[in-house]
Each structure stands twice: as C-alpha cells, then as structure tokens.
Amino acid sequence: MNIFRILGDVSHLLAIIILLLTFPFICFTFLSSPCHAGISGKSQILFALVFTTRYLDLFTNFISVYNTVMKVIFLICAYVTVYMIYVKFRKTFDSENDSFRLEFLLVPVTGLSFLENHSFTPLEILWTFSIYLESVAILPQLFMISKTGEAETITTHYLFFLGLYRALYIANWVWRYHTENFYDQIAVVSGVVQTIFYCDFFYLYVTKVLKGKKLSLPMPV
C-alpha cells in the first residue's frame, strides 16, 4: 500500500458515490429530462462485469480487511447502479443514445485474455479479462457524450474522478516499481490505454466545467 493507491481507491469510490447521486439529482431537478440523462447503462454493465470477474478471489484469497471491504463495496455499487438504470428507472433510460455495440469490445477483449495472460488458469484468465475490459469499459459512456454533444455537470464530475483514479494508479505502479521492483505489464499497459481515453475529457473538464460552464461538444453541421 502507498499514498497513490489509497488516493486512487478514494477517487474511485468518490466517482461511484457521485454516480449513484446522479439518479435522484437528475430525476428531481430535471423532471422533463430522462433520469440519469447522459449515463451509459452499457458502460455500467461492463464495469459490473469487470468487478465480478476480477474479485472472484474473494472466495479463495484473503489479503487484508481493507482490500476485502473495498472489493465488496465496488461489487455492490456496480450492481446497484445497473439496477437503478435498467430496473428502477428503466422507463426514462436514454437507450436511443446509449447505442454502443458491446460485442465490439467483449469479443477482442475475451480473445486477448486467452492469448496474453500470466498463467493459463480460469481465475487468472478472468482477472486478465477484467483488466483488459476495464481499459475500454468507458468507451460506451464517451460515445454517448459524443453522440448527444453534452453532459450534465454531475456526470462530468463522475467521469473526472473515474479518470483520476486511473491516473493515480499509474503513479502507484511507478512507485511500486521503484520501491518494490514490481512491474505488471498487463495492468500497466491497460491502465495507460484507459487513461489516454480520458485525455480529451480532462481538457474539456478543466477548460469548461471548472469554469462553471456546461460540457458541450461542437456538433457536426
């Protein structure tokens, strides 16, 4: 454990809390708009799949109380979010704009997890699958924003802290390499790829959202 890992976990947890707060915020503030407008249900399905396949070691390996509690929290929150989108608020879910084809991500990620892993065992393949999938799980969300051309401010806060979590984990890996001589190529490369996807969003967040403006993209004529 180090400060970057802890801050990364805190940032990730804040992102999930903000996401869960998005539902009542939008429902009660923008009654004429869909609940959870701008939130991609498909990205949330992918994140739930990420946590499910990654944390199967809850049943086989105890690392620490902190590690176990965080895993359980992320799992519960992931499925609560999916429930909120597809069950509780299914009538107002913006499925028309949440149209990213998940098979374009799941098929190559599945194939890659079988080809490139640390060891060819079921748990290790599923862990590798979760790492690869997490690196691209945000794409349906970013695709939805590009399609609608805008995002509510609270949604952008969620995305910022989610991206910050990955950036802090990169710092965590650098720290571990220098202090423990530990290096996990699969996790590092996937984390860098995921962080790159956030770069444009970070720029818009700093130049617009932090200045009190709504995040909007120029729409094609």
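## Helices around the largest cavity

Four helices each supply at least two residues to the lining of the largest cavity: helix 1 (3–29), helix 2 (41–54), helix 3 (65–88) and helix 7 (153–180). Helix 3 gives the most, with 4 residues. The model is predicted. The count comes to 1 cavity of 30 Å³ or more. About 100 Å³ of space lies in the largest cavity.

The lining consists of His 12, Ile 16, Leu 19, Gln 44, Phe 47, Phe 51, Phe 74, Cys 77, Ala 78, Thr 81, Tyr 158 and Leu 162. By class, 9 of these residues are nonpolar and 3 are polar. No charged residue takes part in the lining.

Side chains of opposite charge can pair when their charged atoms come close. In this model the count comes to 6 salt bridges.

One of them joins Glu 134 to Arg 54, with the closest N and O atoms 2.7 Å apart. The pair links distant parts of the chain. Glu 134 sits in helix 5 (residues 122–136), Arg 54 sits in helix 2, and 80 residues separate them. Both Glu 134 and Arg 54 are buried. The pairing also belongs to a network of salt bridges, which links Arg 54, Glu 134 and Arg 166.

Asp 9 pairs with Arg 5, and their closest N and O atoms are 3.2 Å apart. Both residues lie in helix 1, 4 residues apart, about one turn of the helix. Asp 9 has a relative accessibility of 4%, so Asp 9 counts as buried.

## A partly exposed salt bridge

Glu 103 and Arg 101 also meet through their side chains in a salt bridge, at 2.5 Å from N to O. Glu 103 is partly exposed, because its relative accessible area is 34%. Arg 101 counts as partly exposed too, at 45% relative accessibility.

## Annotated transmembrane regions

An unreviewed UniProt entry places the feature "transmembrane region" at residues 12–33, 69–87, 127–145, 157–175 and 187–206. Two of these spans can be set against the predicted model.

Residues 127–145 are 89% helix and 0% strand. The end C-alpha atoms of that span lie 29 Å apart. Residues 157–175 are 100% helix, again with 0% strand. Here the end C-alpha atoms are 27 Å apart.

## Helix 6 and the residue after it

Helix 6 covers residues 139–148. Its buried residues include Pro 140, Gln 141, Leu 142, Met 144 and Ile 145. Just after helix 6 comes Gly 149, which takes a positive phi of about 85°.

## Cysteines

The structure holds 0 disulfides. Cys 77 is one of the residues that line the largest cavity. Cys 77 has a relative accessible area of 14%, and therefore counts as buried. Cys 199 is partly exposed, because its relative accessible area is 41%.

Key. Residues numbered from 1 in each chain as written. Predicted model: local features only at pLDDT ≥ 70, side-chain atom pairs only at ≥ 80, totals over all residues. Heavy atoms only, no water. 1 Å grid on protein atoms, 1.4 Å probe; cavity = no way out; pocket = protein on both sides within 12 Å on 5 of 7 lines; lining within 4 Å. Points joined across faces, edges and corners; volume = space filled by probe spheres on them. Nonpolar A, V, L, I, M, F, W, Y, C, P; charged D, E, K, R; others polar. Salt bridge = Lys/Arg side-chain N within 4 Å of Asp/Glu carboxyl O. Buried < 20%, exposed > 50% of the residue type's maximum accessible area, 1.4 Å probe, protein only. UniProt positions renumbered as here; feature names shortened; annotations may be inferred. Disulfide = S-S within 2.5 Å.
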